[in-house]
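Please look over the structure below.

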Amino acid sequence: MPYDITLIPGDGTGPEIVEATRRAIEATGVKIAWDIHDIGVPALEKLGDPFPKSTLDSIRKNRVGLKGPLTTELGVGMRSVNVALRREFDLYCNLRPAKTFAGVRAPLGNVDLVVVRENIEDLYAGIEFDLGTKELAEVRGAIEKASGAKIREDAAISIKYISEMGSRRIVKYAFEYARANKRTKVTAVHKSNIMKFTDGLFLRIAREVAADYPDIAFEDRIVDNMCMQLVQKPELYDVLVLPNLYGDIVSDLVAGLVGGLGVAPGANIGENGIAVFEAIHGSAPKYAGQNKVNPMALMLAGVLMLRHLGEREAGDRLEAAIAKVVREGKEVTYDLKADRDDPSAVGTKEFADAVIRTMRAAS
């Protein structure tokens, strides 16, 4: 029986890289029945709803989704559909591997890190109070009364919360991932020297969970120091586990170490077994329909998806084919060429063709 998987094309260049990835995944021989649905701007345009019930029902039924990039307005309009999707299905873990591939221009050498980011809590919970609202005045008054601190009347407020439950399950996931993937160390990243109650709670729980995994080394780092350490000596680190905001920032920093968001896959995983796999980069609407962008990040997300399904051998073959095409550097998109104006650069479709051909030749 094929795997039933929800496929969300996204917008901008999303449909092109999703199609390239779909073809590459199918070329592994794993049988998949794709259930295609829209979300975000395309769904708003077609159905009048950026978050249609039909799409949610599909994800809920199939338990696994592959999603192209979605456009998110900055500062105005609807909140991120990506964030809403995570909340709808309690996708509490954002998994972001970062690995150096030969042929990709990267500032550092052999990097192989995994960022495990808590996905629901912290400042990204979206508990905010805007200027000029009654709610802001009430919250400001309550905070001032409870803390004795004075908050300027022209200040908006965001609430940061970190729970024992949220901390425990994300740290446990990091250790379980490390054990399952033969990783040797987990590093908890925090700012508990300043935020002693929220980040302090995260660190305390991390230490408690670490005691249950004596086979895996554990340490902690303050987030600003962690950023410096990653730039100077990333080889000292293996699996990083972080609260939401730090995880978002550090995961992009780590992606930069290996060549940028164009080679960075991601997975959003829930305690209830639902998982949605995606590229980390944006939708790049100015390149839409030009058969130009690099589908590597979403293909690597497809590798993560195959492994999640238990099809590890197929995922390994797909990753090896991607690595070989990129290493040889002949049939790659413009961003993977030494000269971005190199006329030998191929398009999105042709990159997928090369990966498929390489995979079949190796089998």
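## Second largest cavity

In this predicted model, the residues K67, N82, L85, R86, L91, N268, V276 and E278 line the second largest cavity. Its volume is about 30 Å³. Sorted by class, the lining consists of three nonpolar, two polar and three charged residues.

Two elements, α4 (81-88) and β12 (275-279), each contribute at least two residues to the lining of the second largest cavity. The largest share is that of α4, with three residues.

## Largest cavity

The count of cavities of 30 Å³ or more is two. The largest cavity has a volume of about 40 Å³.

Around the largest cavity lie the lining residues E118, E121, D122, I162, G166, S167, F202, P243 and N244. Its lining divides by class into three nonpolar, three polar and three charged residues.

## Second largest pocket

The second largest pocket holds about 650 Å³ of space. Its lining is made up of 27 residues, and L95, Y177, N181, L304 and R307 are the closest to the pocket centre. By class, the lining of this pocket has 16 nonpolar, two polar and nine charged residues.

Both strands and helices take part in the lining of the second largest pocket: β4 (93-99), β5 (112-118), α6 (164-180), β11 (265-269), α10 (296-308) and α11 each supply at least two residues. The element that gives the most is α10, with five residues.

## Packing of α11 and α12

Helix α11 spans residues 312-328 and helix α12 spans residues 348-362; the two pack at an angle of about 120°, and their axes are 8 Å apart. The pair is classed as oblique because angles from 65 to 115 degrees count as roughly perpendicular and only those over 145 as roughly antiparallel, so α11 is oblique to α12. The crossing of α11 past α12 is right-handed.

On the α11 side, the contact is formed by R317, L318, A321, I322, K324, V325 and V326, and on the α12 side by F351, A354, V355, T358 and M359. By class, the residues of this contact are nine nonpolar, one polar and two charged.

Technical notes
Residues are numbered from 1 along each chain as its sequence is written. This is a predicted model: local features need pLDDT of at least 70, side-chain atom pairs count only at pLDDT 80 or more; totals for chains, interfaces and linings use all residues. Side-chain values use heavy atoms; hydrogens and water are left out. On a 1 Å grid over the protein atoms alone, a cavity is a set of points where a 1.4 Å probe fits but cannot get out, and a pocket is an open set with protein on both sides within 12 Å along at least five of seven lines; lining residues have an atom within 4 Å of a point. Grid points are joined across faces, edges and corners, and a volume is the space filled by probe spheres set on the points. Ala, Val, Leu, Ile, Met, Phe, Trp, Tyr, Cys and Pro count as nonpolar, Asp, Glu, Lys and Arg as charged, and the others, Gly among them, as polar. Helices (H or I, at least four residues) and strands (E, at least two) are DSSP runs, numbered from the N terminus. Axes are lines fitted to C-alpha atoms, for helices over the stretch in contact, and angles run from 0 to 180 degrees between N-to-C directions. Angles under 35 degrees count as roughly parallel, over 145 as roughly antiparallel, 65 to 115 as roughly perpendicular and the rest as oblique. A crossing is left-handed if the near helix is turned anticlockwise from the far one by less than a right angle, and right-handed if clockwise. Contact means heavy atoms within 4.5 Å.
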